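Please examine the sequence and the structure shown here before reading on.

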Amino acid sequence: MHSFHYSNGSLHCEDISIADLANQYGTPLYVYSSETFRDRYTRLDAAFSSINHEVAYAVKANSNLSVLRLLAKMGSGFDIVSGGELFRVIKAGGDPGKCTFAGVGKTRDEIEYALKQGIYSINVESEEEALFISQVASELNLVAPIAFRVNPNVDAKTHKYISTGKSENKFGIDFEFILDAYERASNLPNLKLKGLQMHIGSQLTSVSPFVEAVEKVAPLAADLKDKYDIEFLSIGGGIGIVYEEALASGSESWWTDQSDETRPLTPEQYSSAIIPSLGPLGLKILLEPGRFIAGNAGVLVTKCLYEKKGTTKTFKIVDSGMHHLIRPALYEGFHEIVPVTEPTGAIDAVDVVGPICESGDFFCQNREVPNFVPGEFIALMSAGAYGMVMATTYNSHPLPAEILVDGNQAKIARKRQTFQDLVEGEEG
Ligand code: LLP
């Protein structure tokens, strides 16, 4: 479930009217629901309660300090991919001892910073990187806890830009080479072989690629436990969420009715399919969900500026675009579009486009959406993950503000940028 719904004819986030927020704070505006973040975290955590596990939220999905603080308070660990993300986690009160550090291109500064902060594990993506970490750790007189990321060569059946577990992807070490990598690393100084990691891709809507990957990697993890006494296996993130019919998916009955194949992959389906392979390992199982926790917890609110009727199309021009939510342009991502005032039933086939000087600047093309007119606010649903974190100031548009709602309280999680912010640090 999530916490966006119409109430008295107006879209609400928990108890707060989105139109009120848009009028008060302006648009474009990201609005997040604390309740949805908590619900998603709790539900996934509970689905794995029968085994030793930890949820390490993938910070890249939504790294706002208020969001990280909320999750840190719930006991979440964090999956980070840069020194900057580690800085955010620490600033938000998160524990570096519950952080794993992934990514193919870690710099010396980032490795030093992570080691000095007492990171739980650096997830290493090449043997060259292991050698380098060993050198850095030796110089600092520290022991670097590491895990190799194995590339299981499994097809995640998702968009090619967010598929990571095939051998043609840059991520991890090929399954065929992984035992040798551990063997060589076990002879390097100042390294502790602490675990094994994998992540096959993002927005997976079926459980079968997860099962295939876990079944392939579990025997390897058992072998590594015997040989090197590793303590954890991270199975990465990737659980897909609902983008179509996103608003409808807010009700609990919608989630629990599993008769329809278009329903999302639930945490319970996910856990029950893989726990049989994971449980017997006796390892700590790390989960790295990003989108599952943040995706349906946020919307992007934008205002319709103009309607332009061409010979072949109707364009609804809004005050946000690919610079604030790039998923439609980059991954052909679908975000449900709903007017903030409950629609009357009229539907138009339109392109909803932004102000950016690019033809790729659209939220939808030739899509039937509930009718809305200039001056009205609309919401792009399921924009809580990979939304604001991927926003840019292209065309020198200031970044939107972010609001975190909790019950009947709303707080600014990030102020809207000003023109002055745009030129901060520049000379001229
Ligand atoms: N762990 C690792 C090592 C990852 O690379 C990722 C995502 C995650 C966990 C979290 O995956 P999630 O649970 O969110 O699927 N910008 C794209 C998604 C990129 C995902 C990158 N890695 C999008 O908007 O669809």
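Phe-148 counts as buried because its relative accessibility is 0%; buried means under 20% relative accessible area, exposed over 50%, and partly exposed in between, with a 1.4 Å probe and protein chains only. The structure is a predicted model, in which local features need pLDDT of at least 70, side-chain atom pairs count only at pLDDT 80 or more, and totals for chains, interfaces and linings use all residues. Residues are numbered from 1 along each chain as its sequence is written, and side-chain values use heavy atoms, with hydrogens and water left out.

A search of the whole structure finds eight aromatic pairs. Rings of Phe, Tyr and Trp (its six-membered ring) pair if their centres lie within 6.5 Å; planes under 30 degrees apart count as stacked, over 60 as edge-to-face and the rest as tilted. Two of the pairs are tabulated here.

| Pair | Centre to centre | Angle between planes | Class |
|---|---|---|---|
| Tyr-57 and Phe-78 | 6.5 Å | 80 degrees | edge-to-face |
| Phe-148 and Tyr-182 | 5.0 Å | 75 degrees | edge-to-face |

The pair of Phe-148 and Tyr-182 links distant parts of the chain, 34 residues apart.

A charge sits over a ring if NZ of Lys or CZ of Arg is within 6 Å of the ring centre and within 35 degrees of the ring normal. Arg-40 lies over the face of Phe-292, 4.9 Å from the ring centre, and the charged end of Lys-106 sits over the ring of Phe-101, 5.5 Å from its centre.

Terms used
Helix = DSSP H or I, 4+ residues; strand = E, 2+ residues; numbered from the N terminus.
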